[in-house]
Amino acid sequence: MTLPVVSPRRETTTALADQLSALENTLQVQLDTLPFASEDGVAVAHRANVENNLQEVRLALRLHAEGRYGTCIRCADPIAGVRLEVRPWATRCVRCADRFGW
Ligand SMILES: [Zn+2]
């Protein structure tokens, strides 16, 4: 799966929200084209991966709308900028992601 490149910059949070929205739309289109049931384990894993990514992007959008983007949902510490550059939809800091998943 190829996701569009998203470059978060804290000073352009509206642009970030637009990019996350575009990513949400892209993932939804991907999801809409994938079969619900398949005997192909790779297809099943791919659909689950797209669904998880879509959930994360939607959560990041909600946090952004609430003014909480960039803050870990688990421990409330700031999420490192480098993590957000690589994974702009991240909702947990590296420590919590390692500990609890995502
Ligand atoms: Zn955390």
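Student: Among contacts in the protein chain between residues at least 6 apart in sequence, what share joins residues at least 24 apart?

Tutor: A contact means heavy atoms within 4.5 Å. Here the share is 48%. Keep in mind that this is a predicted model, where local features need pLDDT of at least 70, side-chain atom pairs count only at pLDDT 80 or more, and totals for chains, interfaces and linings use all residues. Residues are numbered from 1 along each chain as its sequence is written, and side-chain values use heavy atoms, with hydrogens and water left out.

Student: What are the protein donors of the zinc ion?

Tutor: Donors are N, O and S atoms within 2.8 Å of the metal (3.2 Å for Na, K and Ca); water is not among the atoms, so sites may look incomplete. In this model they are the SG atoms of Cys72, Cys75, Cys93 and Cys96, 2.3 Å from the zinc ion. Their spacing along the chain is C-x2-C-x17-C-x2-C. Cys72 sits in the loop between α2 (41-65) and α3 (81-86), and Cys93, 21 residues apart from it, in the loop between α3 and α4 (94-100), so this pair links distant parts of the chain.

Student: Why is the arrangement called tetrahedral?

Tutor: Four donors count as tetrahedral if all angles lie between 85 and 135 degrees. The angles around this zinc ion are 104 to 117 degrees, which makes it tetrahedral.

Student: Are Cys72 and Cys93 buried or exposed?

Tutor: Buried means under 20% relative accessible area, exposed over 50%, partly exposed in between (1.4 Å probe, protein chains only). Both Cys72 and Cys93 are buried.

Note on methods. Tetrahedral: all angles 85-135°; square planar, octahedral: opposite > 155°, others 65-115°. Helix = DSSP H or I, 4+ residues; strand = E, 2+ residues; numbered from the N terminus.
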